[in-house]
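Here is a friendly walk through one structure, in questions and answers. Have a look at the model first, and then let's start with an aromatic residue.

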Amino acid sequence: MPTTFTADPEFAHHFRRLHQVFMYVTDRCNLECEQCIYKPSISHFINEEIPLDDALGLLATFRKLGAGKVTFLGGEPTLYGHRQGGLPLLELIEGTRALGYEYVRIDTNGQRVSSLLEQPSFARLDEVAFSLDGFSAQTNDPLRGKGTFVRAVDAIRKAVGLGYFVTVTCCVQKLFLDRDEEGMLNLERMIRFVEELGVHQVNFHDLFKVGIPMDTWTGNFAPRPQNWVPVYEELSAKVRFGAFGIKVRLPQCFVTKAEFARAPDYYGYCPVKLGERVMVHPNGTIRICSNLICTAFGVATWGEGRIGWERSHANELAGHDLDRMTPCTNRSRHKKYGDLVPVCFSFKPGQDEYVWNHRLAWDAARDDASMMVG
């Protein structure tokens, strides 16, 4: 029986335009990736999982606030309910569908998903996103571990063959900015590789060191911002001109101060200010910004049938100008970038993503100075 949750009025008010849920269903993982932003929780988990009844109760509450998309991740979400042979994960998917969510997604490392792909309940997912950080074992395994490339690629091919909507999630590492003998960026080689696998989309995340806590535990694979900007411009132009046979979600990460000033209501996209997402963790924390993962900061807590607003200085809204669109607050606190300013981790112009397109219509709002936040 799903747990009934009561949310504090402050929580309900801030998330009155809630669109999506990122539910970290377990802190358990079968890998130790060098670049993992969630590494401290995986290494030192206390509350290993979100109990199924609590997970469904929280999702029911978020659905009433308007959420339409949910992503299950971790840790490794295919380990959820491992003591019961994975049945709780299948029940969670079915229960989420019964709540009326429009888009249900899972983000997996692909190491032990093969048997789940054959389950009818698992097939009710709208998207299976596989984490892959290179186009070969030599480029992937230094980050994710020996043998992970082959196992993930095998699982991707199986999922594609079974008719799943398959995407690949990939971190932008320094070597992607190098070029091969023919002058092609390794980043483009990555796109071409996953295109050949038959997936629908590749979604890139950045690993920049931007003066936030996770800089201390996410390895040393990040490119420098000034080196990324021309690469982004080159690849984004190819994406716009239809050079690839799959969708590409490419993080812009930085714009010039002048460009930001030209369209702040567009470049200032911030899930914290918009209240458009929640990130739910097994330790009882609810937060919004992925830059604050594994810190003491959050916006609320959950437990014992209650979602409580964080009223201490650890509330992550502290320091955010909620009445004005600005460069990314968390990435601007302790670091400057010359003529560049940082934009949100999730700011990916032209991206084919459910909330970005169907709920926020953010690209269409580029020149809309009347957009309201708060």
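Q: Is Phe347 buried or exposed, and what is its relative accessible area?
A: This is a predicted model, so the value is computed from predicted coordinates. Buried means a relative accessible area under 20%. Phe347 falls under that cut-off and is buried, with a relative accessible area of 0%.

Q: How do the rings of Tyr267 and Phe347 pair: stacked, tilted or edge-to-face?
A: The ring centres of Tyr267 and Phe347 are 5.7 Å apart, and their planes make 50 degrees. Planes under 30 degrees apart count as stacked and those over 60 as edge-to-face, with the rest as tilted. The angle of 50 degrees between Tyr267 and Phe347 therefore makes the pair tilted.

Q: How many residues apart in the chain are Tyr267 and Phe347?
A: Tyr267 belongs to helix α10 (residues 264-267), while Phe347 sits in the loop between β14 (340-342) and α12 (354-359). Tyr267 is also buried, at 4% relative accessibility. The pair links distant parts of the chain, and the separation is 80 residues.

Q: Which residues form one aromatic cluster with Tyr267 and Phe347?
A: Tyr267 and Phe347 are both part of one aromatic cluster.

Q: What parts of the chain does the pair of Tyr24 and Tyr38 tie together?
A: The count of aromatic pairs comes to 20. In the pair of Tyr24 and Tyr38, the ring centres are 4.9 Å apart and the planes are at 35 degrees, so this pair is tilted. Both Tyr24 and Tyr38 are buried. Tyr24 lies in one part and Tyr38 in another, 14 residues apart in sequence, so the pair ties together strand β2 (residues 20-26) and the loop between β2 and α2 (39-43).

Q: Which strands stand at the edges of the open sheet?
A: The sheet has 12 strands in the order β1-β13-β12-β11-β10-β2-β3-β4-β5-β6-β7-β8, with mixed pairing. Each edge strand has a single partner, so one side of each is left without a neighbour in the sheet. The edge strands are β1 (6-7) and β8 (247-249).

Q: Which helix packs on the sheet, touching β6, β7 and β8?
A: Strand β7 (residues 201-205) pairs with β8 in the parallel sense over three bridges, and Val202 stands opposite Val248 in β8. The helix that touches these strands and β6 (166-171) has a direction at about 145 degrees to that of β7. The helix is α7 (residues 186-197).

Q: Over which ring does the charged end of Arg63 sit?
A: Arg63, in helix α3 (residues 52-64), also forms a salt bridge with Glu102 at 3.7 Å, N to O. Arg63 is partly exposed, with a relative accessible area of 25%. Its charged end sits 5.7 Å from the centre of the ring of Tyr101.

Terms used: Residues are numbered from 1 along each chain as its sequence is written. This is a predicted model: local features need pLDDT of at least 70, side-chain atom pairs count only at pLDDT 80 or more; totals for chains, interfaces and linings use all residues. Side-chain values use heavy atoms; hydrogens and water are left out. Two strands pair if DSSP finds at least two bridges between them. Helices (H or I, at least four residues) and strands (E, at least two) are DSSP runs, numbered from the N terminus. Contact means heavy atoms within 4.5 Å. Axes are lines fitted to C-alpha atoms, for helices over the stretch in contact, and angles run from 0 to 180 degrees between N-to-C directions. Rings of Phe, Tyr and Trp (its six-membered ring) pair if their centres lie within 6.5 Å; planes under 30 degrees apart count as stacked, over 60 as edge-to-face and the rest as tilted. Buried means under 20% relative accessible area, exposed over 50%, partly exposed in between (1.4 Å probe, protein chains only). A charge sits over a ring if NZ of Lys or CZ of Arg is within 6 Å of the ring centre and within 35 degrees of the ring normal. A salt bridge is a side-chain nitrogen of Lys or Arg within 4 Å of a carboxyl oxygen of Asp or Glu.
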